[in-house]
Amino acid sequence: MSSSRFDTAFVLRLSLAQLISWGSVFYLFSLLIEPLERELGLSRAEVSLAFSLGLLAEGLMAYPVGRWIDRGHERAVMTAGSVLAGLCLVLHSVVTGLAGLYAVWLGLGAAMAAVLYSPAFALLTRRFPHDFRRAIITLTFLGGLASTVFIPLTAWLMQLLGWRDALVVLALLHLLLCAPLHWLTLRGAPGRRKSVAHNVDESGSGLRPLLRSAPFLLVGVFTVLMMSVTVAIPAHMVSLLRENALPEFWVIALPAAIGVMQVLGRLLLFFFEHHADLHRVNRLVPLLIPLGVLALLLAPLTGGWQVAVVGLFVLVYGLGNGMLTIVKGTAIAEYVSRDHVATLNGALGVPLALARAAAPLLLGVMWSPQAGYSHGLWLLLGLSSLGVAALMLAQRLSLRRASPASSGISG
């Protein structure tokens, strides 16, 4: 498919693969912690390191994956990623020790680099250069439901079959559904495009000015800081709410509602695409994250209004995080370069992987019996505010460099 017109069926097929990939790999780990500890005799730290290694492998592979996609190899990359995920899940079902566990998660991390949002966003930008934002929003509708679908599904499979056989079932989804979907859907990838504006040649040497440019560095700061915040909060959400002495019903119900709010946020963003200035929306969406953190900081001070204030956090943070996925996924294309999105996003792979691994640990280290999570939340408020400022500055610099005639941009 070489047409640059938006193709809903194409995006929905890719979305189904995203739903399965996110749900059966990224959200799988939390359900495996206790079985692995119990059956392999491992500590919580030893098991947790497996997921950190997976995230690190994902980050290390992000740049080469991005380069391959920019050269038009998206079909091979995503199909191979699905096959690798399936094979690693099969191997995971027979692990008996620590070395094997770490090896399969290194493989699953490499697979995630090839099949999750970053490569999918990049190929949609290449295929639909004039409508990539709408395509990306559509893609994330199903992806946003991955935890809602696969956490209960995987838990049921583990209860019915045991965790080892459940992994084989999940592996078959990759081998028999995702791999064929990628192979058949991604036919006719557009060839490598040369950027006249930035004089990027086939060797990639012309990428250096882009990698050193202020807009790219600022977008990188924005992405890394916001990723740190949005990974740290969910990891400690239940403990944080219990610390505020909320009834157990709300401790479970409120975090569950965040997923629904994320999908609602993406629906709102889809509406805003045609009724609001794109760049104004990009400025406002990230502000919802620090506002949500501020609501959490205020919750202990509100007495009987705690549930209402935490509910406000769920609403603001959930909507913001849902829309922020799109803003982060399109910022490189909007403010740096549309021709080399995959490579430029891949260059952020290692810092993003380190941020994702370190942020939950840092929030836990900053917890104390006296202050609870308050010191960590103040840090997250500061980091998210800096991230918002970095994006605003990148946007200003990028739009100032673009001539009004060529950009057609207001606001």
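A residue is called buried when its relative accessible area is under 20%, exposed when it is over 50%, and partly exposed in between (1.4 Å probe, protein chains only). By this rule, 52% of the 411 residues of the protein are buried. The structure is a predicted model, in which local features need pLDDT of at least 70 and side-chain atom pairs count only at pLDDT 80 or more, while totals for chains, interfaces and linings use all residues. Residues are numbered from 1 along each chain as its sequence is written, and side-chain values use heavy atoms, with hydrogens and water left out.

**Figure 1. Overall fold and confidence of the model.** The protein contains 19 helices and zero strands; these are DSSP runs (helices: H or I, at least four residues; strands: E, at least two), numbered from the N terminus. The mean pLDDT, the predictor's confidence in each residue from 0 to 100, is 83, and 88% of the residues reach 70 or more. Over residues 195-203 pLDDT stays under 50, and it also stays under 50 over residues 405-411. Where pLDDT is low, the predicted coordinates should not be read in detail. Contacts (heavy atoms within 4.5 Å) that have a separation of 6 or more come, for 82%, from residues 24 or more positions apart.

Figure 2. Rings of Phe, Tyr and Trp (its six-membered ring) pair if their centres lie within 6.5 Å; planes under 30 degrees apart count as stacked, over 60 as edge-to-face and the rest as tilted. The structure holds 11 aromatic pairs. One of them, Trp22 with Phe26, is edge-to-face, at 5.1 Å centre to centre and 70 degrees between the planes. Trp22 is buried, with a relative accessible area of 13%.

**Figure 3. The aromatic pair Phe29 and Phe51.** This pair is stacked, with 5.0 Å centre to centre and 20 degrees between the planes. It links distant parts of the chain, 22 residues apart: Phe29 belongs to helix α2 (residues 29-40) and Phe51 to helix α3 (residues 44-70). Phe29 is buried at 6% relative accessibility, and Phe51 is buried at 16%. Both residues belong to one aromatic cluster, whose members also include Trp22, Phe26 and Trp105.

**Figure 4. The largest nonpolar core around Phe313.** A nonpolar core is a set of buried Ala, Val, Leu, Ile, Met, Phe, Trp, Tyr and Cys residues joined through side-chain atoms within 4.5 Å. The largest has 120 residues, and Trp105, Leu124 and Phe313 have the most contacts inside it. Helix α15 (residues 306-335) gives the most to this core, with 14 residues. Leaving out residues up to four places away in sequence, Phe313 touches several residues, among them Ile233, Met237, Ile258 and Leu296.

**Figure 5. The surroundings of Val115.** Val115 lies in helix α5 (residues 98-115) and is buried, at 3% relative accessibility. Beyond its neighbours within four places in sequence, its contacts are Gln18, Ser21, Met78, Gly81, Ser82 and His182. Ala179, 64 residues from Val115 in sequence, is 9.9 Å away in space, C-alpha to C-alpha.

**Figure 6. Helix α7, residues 132-143.** Nine of the 12 residues of α7 are buried, so the helix is largely enclosed by the rest of the structure. Among the buried residues are Phe132, Arg133, Ile136, Leu139 and Gly143.

Note on methods
The expected span of a helix is 1.5 Å times one less than its number of residues.
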